[in-house]
Amino acid sequence: MSAAEPRLAIVGATGAVGSVVRQLVTERADVWGEIRLVASARSAGKTLPVRGEQVVVAELAAEVFDDVDVAVFDVPDDVSAEWVPVAARHGAVCVDNSGAFRMDDEVPLVVPEVNPQAASNRPRGIIANPNCTTLSMIVALGALHREFVLQGLVVASYQAASGAGQPGIDRLDAELQAVAGKGLGSSTGDVRAAIEAIGGDSPFPAPLAMNVVPWAGSAKDDGWTSEELKVRNESRKILGLPGLAVSATCVRVPVITTHSLAVHATFADVVSVGRAVAVLRDAPGVVVTDLPTPVDVVGQDPTYVGRIRQALDDPHSLDLFVCGDNLRKGAALNTMQIAELVAAEITGR
């Protein structure tokens, strides 16, 4: 370890995404000096493994950012909104995984495979990590956009329960246990009755086990949800296409981890399946496969793309199916890739 190696703080180190961040720090090239683990008062004092060592978790407070070069945040929006500016004032470059700063004009929204140059223009000392649904498709679409010039997207997402955090995972597990082996499903009422018997609050507006729920996120104007607007707004910002036509329908499905999306993409140029496949095969962070499914993609770094078809009625359009691990690339990995861009900038490597 050299003195030139930047100090890293992982805020939210005990959470689901924070745990993956700690794993990635151990797995990826070691570019870091001191690593500080930070969490709420409830978790402070715990010891957690990082790079083969046990590190004591510090309570989130202003002084934990003293001498920190890069701070990655994997915490709720309100916590980021309060504490990211504090860390930035202490001199840390902050990489935030919440939605608090994504649409701030002075905060770049970065996907290293798509717009790495944006990370260096950060007047507030903050870089935002996109929503996991957007991230599950944008690496592939960024590659296609560079070749064919993207003009429009129609997207249907199939989002895993873990997108609603640990409560989403726990609720799906409880619902699956409630319906397993009971021969339910021929009557909607049977499934609902079995799940309602669980009691307690659910992060989902309808049963998720043996079901799909055409709703993810919170309610916004004119019947849209926050998740659907994120896909639209974040895709525009990452690709630098403020007028891009995007329509998204976000659906929750009974999968633990890995989001999937059915994408209809329209380009300025005529596009063929053969050319598109060649572009995607050469794109960093993309794997082309015949039939991508969540059970095959969970735990993997790349975006998996398949079912690539020429649109039947438009030579400028493609239809494709995309899968990406929403906890790994969709949150932790992209965060660390951004942090590594900053580390390289700091060290000049």
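Helices here are DSSP runs of H or I with at least four residues, strands are E runs of at least two, and both are numbered from the N terminus. You're looking at a predicted model, where local features need pLDDT of at least 70, side-chain atom pairs count only at pLDDT 80 or more, and totals for chains, interfaces and linings use all residues. Residues are numbered from 1 along each chain as its sequence is written, and side-chain values use heavy atoms, with hydrogens and water left out.

**Stop one: S136.** Select helix α3, residues 132–148, and pick out S136 in it. Is S136 buried or exposed? S136 is buried, at 2% relative accessible area (buried is under 20%, exposed over 50%, partly exposed in between, with a 1.4 Å probe and protein chains only). Now show H259, L261, T303, V322 and G324: S136 is in contact with them, leaving aside neighbours within four places in sequence (contact means heavy atoms within 4.5 Å).

**Stop two: helix α6.** Select residues 226–239, a helix of 14 residues. From first C-alpha to last, α6 reaches 20 Å, close to the 20 Å expected at 1.5 Å a residue (1.5 Å times one less than the number of residues). Its buried residues include V231, I238 and L239. What covers the buried residues of α6? Colour α3, β8 (150–159) and β9 (245–252), which are among the cover.

**Stop three: V21.** Jump to helix α1, residues 16–27, where V21 sits. V21 is buried, at 0% relative accessibility. V21 and D74 are 53 residues apart along the chain, yet their C-alpha atoms are separated by 9.0 Å.
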